[in-house]
Amino acid sequence: MESMSPISCPTTPRWNQDRPFLTGRFHQETRASSKLADSKRFPVDSSSSSGVDQAIGCHETPLQELIVIDDLLSALVGIEGRYISIIRFHGKEDRIAFQVDPSMDLALQELAKRIFPLCEYYLLIDQFVESSSQFKNGLVNHAFAAALRALLLDYQAMVAQLEHQFRLGRLSIQGLWFYCQPMMGSMRALAAVVQQASTKHFVGSGVLNLLQSQAKAMAGDNSVRSLLEKMTECASNAYLSILERSNWRACLLSFLWWVYEGIIEDPYGEFFIAENRSLKKESLSQDSTAKYWSQRYSLKDTIPGFLANIAATILTTGKYLNVMRECGHNVQVPISERSKLTIFGSNHHYLECIKAAHEFASIELVNLIKDKYDLIGRLRSIKHYLLLDQGDFLVHFMDIAREELNKKVHEVSVEKLQSLLDLALRTTAAAADPCHEDLTCCVDRASLLTTLGMHKDSDSNNIEDPVSITGLETFSLSYKVQWPLSIVISKKALSKYQLIFRFLFHCKHVERQLCGAWQIHQGIRSMNSKGTAIPRSSLLCRSMLKFISSLLHYLTFEVLEPNWHVMHDRLQSTRSVDEVIQHHDFFLDKCLRGCLLLLPDVLKKMEKLKSVCLQYAAATQWLISSSIDINSQSHPQKTMIRDTTVTESIFNFEREFNSELQSLGPVLSKGSQAEPYLTHLSQWILGVSKE
C-alpha cells in the first residue's frame, strides 16, 4: 500500500477532559444532588425523619406520581432522579439503561418505562455531540454535531416547558407520555445513527452515507425522513460550506478548493480524494512504470452517496486544475459558475456546477498543452525521428557511426554516438527543427526479443548469441519531454516508441547491407558470369531485398502512417487530457501490434529472416570474389572443388531463406484471423516465396 499524505490536526485541549463542568458531562458522571432530601419540592410528612431514604412505595400513589414526573423530567435531560437511576453496561458495546425503584406502583412503572427509551436516546446523542466536537473527528462530524446540538436545544426547551406545566400542577404522567411520543421516532433514528457512527468510528463520507441510508430506511415516516435529510444537508456543509484558510476568509469550500483550484485542503483526511505526495511529476519522464497521473490523486473507497455518480468527474477536474497550477498558469472557474455550488438540495444545482467546472478545466488544459506547449508539434517531431518519418539524418548517421555501431554492445561508447548524432542532425534537414536538440541516443544491453520477453533460454531456435549482440541491435533514440507534456508523452510511451524505432532501425540496417550486396552484383554485370553461381546469388539477393523493402513499406505506409493520421485527426477534437492520453496510447498500442512487436511467433520468424539476410550480405563479397576466381583458375580439379563450395553456400542461403519465408506464410495466415491487417503481408510473403 502506497503511503498517502499524512493527516495532522490539533489536539483537543486537556481542560476539556479535566473540567467536565464546561461540557455537561458531570450530569452523567456524578450523582445528582436530587438524591438528597428536598422537602421544599415535595410536601412529605414532617414526621418522616428518614425523608427520601424511604422506598417510593411507602408513599401514596398520587404522591408517587409527582415524584416520578419530577425524576422523569430530570432523566429526559440525562440526570438521575431520586428513584430513577442510570445503569451503564460495559462490554463489546457500551450500553445505558434506566431503572426505577421496584416498590413503585406498577402502573407508574409501566408508563415510566415507556419514556425511558427517549431518555437513553438523549444520552447517546448528547455524548456523541461532546465526543464528535473534538478536532480529530473531522469537519463532517463537527457539522453533524452542531446540527444535533441545535436539535437538543429545541428538545431541552420542550422539557423546560413540560417542567413549567408540572410546576403549575397541569402535567400528569399520562400527559408527559403524550407530549414525548412525537419526539420518540426522530430521537430513535438519530440515536441509531450516532451509535453506529461511534462504534465504527465513521468520519467524512462514512457519516454522510450512514445518514443517507437511514433517511431512505425511514421512507414511511415523513417527519423522521425530513429530519434525517436536514441532518445530511447540515453535515454535508463540510463539503459544501465556507472554509477559512489562514487569516483570509476564502469564498471557497473544502470541496471548492479542489474543484476550482486543484488543491486538497483536507486537514482531517475525510475528503474522498486522496493525495499521494510520494509520487512526483518528474517520475513521468524518468520511470516507465510511473503511476503519477493515475495514483497521485485517487478516489477513496468511501464516497458520499450524493457525489458517487460524479466523483470521477470531480477527481479529473481537480487534476486538470492542479496541472495548470503546477505550470504556473493561474486559471479559475468563472465566479458566476462558482457561486451556484453553494446551493445544495433536491434541485441538484451543484451537479450542474461540477459539470461546468469540469468542462471548463478540461478545455483550458487541452488548449494549454496544444497551444503553449505545442503537443502536436512535439508528437510530429517524435514521429520524424523515432518513427523514421524523415530519414535523411538517419542515413547520414548510419554512415558516420557504422564503425561504432558494429562494436559489441559493451564496447559501444554512448558519448561518441551522441556526438555523431548531433553532427548528423546539424548537417541535415533536421537542423531546421527547433526540437532536434531534445533528441538523445541510448544503447540497451539486451536484444529486442529479450526486451520484449520473447527470448527464453530454453528456446533452441535462438537466433542470436547475447555475447555477439552489437550496437546495431541495441541502439535507440530517446527524447527529452518536459512537464506537462510528460503526462501524455511519458517514459512508458517513449519506451513504446523506442521498441518501434529499434525494429525499424534494424530493418533499415538489413536493407542497407543488402543494397551493398546488390551493388556488388551490379558491379560485375559486365563480366562473363556464365557457368558460375553469380546469377543465382543475384536472384537470391533480389528476393531478400524485395522482402526487407516490402516489410519496411508495410510498416511505414500500412501501419504507422494511417494510424498516425487517425490519431492526429482525433486529437484535433479532444476536449480533455485523458482523451488525449487515450488516443495517444491507442495509437502506440496499435502500432506495436501492427509492427509485429506483440506477436511473438511472427516476430521471431522476421528476426530469423533478417539474420539470414545479414549473414548472406556479409558473405556476398567472399562468394562473388570466389566465383570470379573460379573462371581464372587453370587447375580444373581445384576449380571444381571451389565451385562446388561456392554453389553449395549459395544454395544453403537460398534454401534457408525460402524455408523461413514459406514457414512464415502459415503463421501470418493464422494470425490474420485475429489481426486482419496481417492479410496483406501474408499475401505478399506467399508471392515472394513463389518467385
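**Close-up views of a predicted model**

**View 1. Helix 15 and the elements around its buried residues.** As in every view described here, the model shown is a predicted one. Helix 15 itself covers residues 392–400, and Phe 393, Leu 394, Phe 397 and Met 398 are its buried residues. When the helix is seen down its axis, these buried residues fall within an arc of 130°, so they line one face of helix 15.

**View 2. The contact of helix 14 with helix 20.** On the side of helix 14, the contact is made by Leu 379, Ile 382, Tyr 385 and Leu 386, while helix 20 contributes Leu 494, Tyr 497, Gln 498, Phe 501 and Leu 504. Sorted by class, the residues of this contact comprise eight nonpolar residues and one polar residue, with no charged residues.

**View 3. Strand 8 and its pairing with strand 7.** Strand 7 pairs with strand 8 in the antiparallel sense, and five bridges join the two strands. One of the residues to look for is Val 443, whose bridge partner in strand 8 is Phe 475. Strand 8 is mostly covered, with five of its five residues buried.

**View 4. The surroundings of Ser 478.** Ser 478 is a residue of strand 8, and its relative accessible area of 13% places it among the buried residues. Leaving aside residues up to four places away in sequence, Ser 478 touches Asp 438, Leu 439, Thr 440, Cys 442 and Gln 498. Of these, Gln 498 also takes part in the contact of helix 14 with helix 20.

View 5. The peptide bond that runs from Trp 483 to Pro 484 is cis, and its omega is near 10°. Pro 484 belongs to the loop between strand 8 and helix 20.

**View 6. Two loop residues with positive phi.** Leu 388, which is a residue other than glycine, has a positive phi near 55°, and its place is in the loop between helix 14 and helix 15. His 201, likewise not a glycine, has a positive phi of about 55°, and this residue is found in the loop between helix 6 (173–199) and helix 7 (205–217). As for accessibility, Leu 388 is buried, with a relative accessible area of 13%, whereas His 201 is exposed, with a relative accessible area of 66%.

**View 7. The whole protein, as a setting for the close-ups.** The protein contains 25 helices and eight strands, and 49% of its 691 residues count as buried. Among the contacts between residues at least 6 apart in sequence, 72% join residues that are at least 24 apart.

Notes
Residues numbered from 1 in each chain as written. Predicted model: local features only at pLDDT ≥ 70, side-chain atom pairs only at ≥ 80, totals over all residues. Heavy atoms only, no water. Buried < 20%, exposed > 50% of the residue type's maximum accessible area, 1.4 Å probe, protein only. Helix = DSSP H or I, 4+ residues; strand = E, 2+ residues; numbered from the N terminus. Arc of directions from axis to C-beta. Contact = heavy atoms within 4.5 Å. Nonpolar A, V, L, I, M, F, W, Y, C, P; charged D, E, K, R; others polar. Pairing = 2+ DSSP bridges.
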